[in-house]
Amino acid sequence: MGKTKTITIQKKDGFQSRWGFTLACIGSAVGMGNIWRFPYMVASWGGLTFLLPYFLFVALIGSTGVIEEIALGRSTGSGPIGAFGRCTEIRYGKKFGQWIGGIPVLGALALAIGYTVVVGWIFKYTFMALTGKLSAMGQDMAAIGGTFDQTASAWGNNLWLIVAVAATLAIMALGIAGGIEKVNKILMPTLFGLFILLGIYILTLPGAEEGYRYIFKLNPEGLLEPKLWIFAFGQAFFSLSIAGNGTVIYGSYLGKDENIFKAARNIAVFDTIAALLAALVIIPSMSVGGAALDTAGPGLMFVYLVNVFNGMPGGTAVGIIFYICVLFAGITSLFNLYEVPVAALQEKLKMRRITAVGVTAVFGCVIALLIQAIVSGWMDAVSIYVCPLGAMLAGIMFFFIVGEDYAVKAVSQGAGKPVGRWFVIMGKFVFVPMALIALVAGAALGGIG
């Protein structure tokens, strides 16, 4: 990554380097959506036919929403509750906005609980890959499917779910610089490196070329399909982890001399690279194994890919590396999500960090254990309604409530030169309406994230 630059820390505990912050934000964005949703969307909508609008939306959201949420957190020095309260205090003299800020905090907690169940599955499958249990099932789809059905059932994966919570919150207890930043500096470069190695290996296998054709083909007539644009927009929106919560709290730990525009650019670029690497591994792998390329959801990762890996040369090693990558992606996303309620407990109830982490761990673990059998519906409900609502509320607070002068000053700090009024115009008339569209379209289509 190159030499890191030490920056001034806004809080006693915060990110110690530019890349530490950027990698943490990339880690929060790179998750299940990149690995099991993005490849499916690319394949089902015809490669470049999907990628072109997706890249457009990533650019629009990265240049507005990502910057806005980082700036909102940094300028107020708070997570959503304190940040929203500060916005209404500046405009109206009262902190009633903090009650509104509770919505994205609850959204982050709800999403973290659902993610915990999935990361528990990933811990189990990583262990099974390392011990040879996955490869031992061969291509017996009844055995593979039965393993996942048992894992995803009520009370079906208690041990590994608890391991997922314990591992995540133990690292978080070490703090931002000592825990989250250090771990992301190791996991994120490793994830990218391993995915590159997998991609190179898959390239050498017979049959992979059909997968690459899917990725790079363009159907101009498909660009006229409205649903394509809605799904591409939804994928870009949620992939960048913009929900008025995690990015805001990470921004509150960022030094005031950091260039937010560069940080947002790096987040958008590396998140997109991660998604493309996943597509370049998964789609050709499915092609090598002769599997349907339009398979999506949990079945793709925990059933169909197991079958594919077990049937390809070197499949045991491929499976191990793949699930390690998925584990890294999942656990770094959990850091971001759980950090929101942890910070809220510290801020509002004046808890020590270790206490706030403990309370969050116990609550998150208990609820996650209870929702194992309904986690798919749980995640859909949160991603469809709560996440875009939180993003829209954060955008309204920053672009409409707090005022143009404040917003411009907040994003200009550390940028080297003042940012023009164009940024606020883009936020008001591009990003906030886009967040509203994500909410309405997601509800209408049953989920687009």
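Biologist: Staying with H6, is Pro104 buried or exposed?

Modeller: Pro104, which is found in helix H6, counts as buried, because its relative accessibility is 0% and the cut-off for buried is under 20%. Leaving aside neighbours within four places in sequence, Pro104 is in contact with Pro80, Phe84, Ala243, Gly244, Asn245 and Gly390.

Biologist: And how far apart are Pro104 and Ser75?

Modeller: Pro104 and Ser75 are 29 residues apart in sequence, and in space they are 18 Å apart, going from C-alpha to C-alpha.

Biologist: Next pair, please: how do H10 and H16 cross?

Modeller: Helix H10 takes in residues 176-203 and helix H16 takes in residues 315-349, and their axes come within 9 Å and cross at roughly 150 degrees. That makes H10 roughly antiparallel to H16, and the crossing of these two helices is left-handed.

Biologist: What makes up the contact there?

Modeller: On the H10 side, the residues include Ile176, Val183, Leu187, Leu191 and Phe195, while those on the H16 side include Val318, Phe322, Cys325, Phe328 and Glu339. By class, the contact of H10 with H16 divides into 19 nonpolar, 3 polar and 1 charged.

Biologist: What about H15 and H16?

Modeller: The axes of H15, residues 298-310, and H16 come within 9 Å and cross at roughly 150 degrees, and H15 and H16 are therefore roughly antiparallel to each other. This contact is made by Met301, Phe302, Leu305, Val306 and Phe309 of H15, together with Gly315, Val318, Gly319, Phe322, Tyr323 and Val326 of H16. The contact of H15 with H16 has 9 nonpolar, 2 polar and no charged residues.

Biologist: Let's change topic to loops. Where does Ser241 lie, and what does Ser241 touch?

Modeller: Ser241 lies in the loop between helix H12, residues 226-239, and helix H13, residues 246-252. Not counting residues up to four places away in sequence, Ser241 touches Ser28, Ala29, Thr247 and Asn336. At 14% relative accessibility, Ser241 counts as buried.

Biologist: What is phi of Ser241?

Modeller: Phi of Ser241 is near 60 degrees, which is a positive value in a residue other than glycine. Phi of Trp155 is also a positive value, near 60 degrees, and Trp155 is found in the loop between helix H8 and helix H9.

Biologist: Where is Leu218, and how far is Leu218 from Gly46 in sequence and in space?

Modeller: Leu218 is found in the loop between helix H11 and H12. Leu218 and Gly46 are 172 residues apart in sequence, yet 6.5 Å apart in space from C-alpha to C-alpha. Leu218 touches Gly46, and also Leu48, Thr49, Leu52 and Leu223, when residues up to four places away in sequence are not counted. With 43% relative accessibility, Leu218 counts as partly exposed.

Biologist: And Arg421?

Modeller: Arg421 sits in the loop between helix H19 and helix H20, and Arg421 is exposed, with a relative accessible area of 51%. Between Arg421 and Ile324 there are 44 Å in space, C-alpha to C-alpha, and the two residues are 97 apart in sequence.

Biologist: Last one: where is the pLDDT below 50?

Modeller: The protein chain averages a pLDDT of 86, and 94% of the residues score at least 70. Over residues 1-12, however, the pLDDT is below 50, although this stretch has 32 contacts in the model beyond near neighbours in sequence. Where pLDDT is low, the predicted coordinates should not be read in detail.

Notes:
Residues numbered from 1 in each chain as written. Predicted model: local features only at pLDDT ≥ 70, side-chain atom pairs only at ≥ 80, totals over all residues. Heavy atoms only, no water. Axes fitted to C-alpha atoms, helices over the stretch in contact; angles between N-to-C directions. Helix = DSSP H or I, 4+ residues; strand = E, 2+ residues; numbered from the N terminus. Parallel < 35°, antiparallel > 145°, perpendicular 65-115°, else oblique. Left-handed = near helix turned anticlockwise from the far one by under 90°. Contact = heavy atoms within 4.5 Å. Nonpolar A, V, L, I, M, F, W, Y, C, P; charged D, E, K, R; others polar. pLDDT = per-residue confidence, 0-100. Buried < 20%, exposed > 50% of the residue type's maximum accessible area, 1.4 Å probe, protein only.
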